[in-house]
Amino acid sequence: MSNELKGKKVAILVAKGFEEVELTEPKRALEEAGAETKIVSPERGVVRGWNFTDWSESIPVDIPLDDADAGDFDALVLPGGVMNPDQLRQIEKAVELVKEFFVEGKPVGAICHAPWTLIEAGVVAGRTMTSYPSLRTDLRNAGANWVDKEVVVDNGLVTSRDPNDLKAFCAMLIDEIREVARTR
């Protein structure tokens, strides 16, 4: 375990139906780099994930969404899955929390379908990013420059397409958090 992110707190925002591996792999990588991660969710107690084609395990919620504040964290991770971001983008508090991270200039990682929540937050216009291919038109319509790449970094926003890109996504997310920490 390295300590390059020691003292950094990262929120992982999820609703029921998040893609399990898109939460567990970034969480593991961030913790191995020394960061403290907290699961934030509109669900109370536990939130159930999705494992590619079926329901997966439930994980404990550390902070209820109503109690979450971007000021308490150094970065945000938004896992995908189809159900998860579709729910989050309909919850005003979730959308506001995402906006706060951008206003405060903190790194945000979004993978797969997670950019739906970013679109709702109004933070994608003018940014180059990637996502699951089915979001290409949604992102372009919201003013983003969509590209088909494993990982894209644009001014603190790290995006990737799907679970196959997790290794690159996690590495770039750690780099962005470390870089922002150096400049503050």
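The structure is a predicted model, in which local features require a pLDDT of at least 70 and side-chain atom pairs count only at pLDDT 80 or more, whereas totals for chains, interfaces and linings draw on all residues. Residue numbers run from 1 along each chain as its sequence is written, and side-chain values rest on heavy atoms, with hydrogens and water left out.

The chain contains 6 helices and 12 strands, these being DSSP runs numbered from the N terminus, with helices (H or I) of at least four residues and strands (E) of at least two. Its radius of gyration is 15 Å, close to the 16 Å given by the globule rule for 184 residues, so the chain is as compact as a globular protein of that length; the radius is taken over C-alpha atoms, and the rule is 2.2 Å times the number of residues to the power 0.38. The C-alpha trace spans about 40 × 40 × 30 Å along its principal axes.

Of the 184 residues in the chain, 50% are buried, where buried denotes a relative accessible area under 20%, exposed one over 50%, and partly exposed a value in between (1.4 Å probe, protein chains only). Among contacts with a separation of 6 or more, 66% are between residues 24 or more positions apart, a contact being defined by heavy atoms within 4.5 Å. The accessible surface of the chain amounts to about 8200 Å², and 44% of this surface belongs to carbon and sulfur atoms; such areas were computed by the Shrake-Rupley method with a 1.4 Å probe, and for residues only the protein chains shown count as cover. The chain carries 22 positive and 32 negative side chains, and the centres of the two sets are 3 Å apart. In this count Lys and Arg are positive and Asp and Glu negative, while His and the chain ends are not counted; each charge is placed at NZ of Lys, CZ of Arg, CG of Asp or CD of Glu.

The structure holds 0 disulfides, a disulfide being a pair of cysteine sulfur atoms within 2.5 Å. C112 takes part in no disulfide, and the nearest cysteine sulfur, that of C170, is 14 Å away; for C170, in turn, the closest cysteine sulfur is that of C112, and the 14 Å between them is too far for a bond. C112 is buried, with a relative accessible area of 7%, and C170 is also buried, at 8% relative accessibility.

M83 belongs to helix 2 (residues 83-88) and is partly exposed, at 30% relative accessibility. Leaving aside residues up to four places away in sequence, M83 touches K16, G17, W50 and W55. The C-alpha atoms of M83 and R127 are separated by 24 Å, the two residues being 44 apart along the chain. V103 lies in helix 3 (residues 92-103) and is exposed, with a relative accessibility of 72%. From V103 to V61, 42 residues apart in sequence, the C-alpha to C-alpha distance is 25 Å.

Backbone angles were also considered in two loops. F52, in the loop between strand 4 (46-51) and strand 5 (54-60), has a phi near 65°, a positive value in a residue other than glycine. N155, in the loop between strand 11 (151-154) and strand 12 (157-160), likewise has a positive phi, near 50°, and is a residue other than glycine. N155 is exposed, at 68% relative accessibility.
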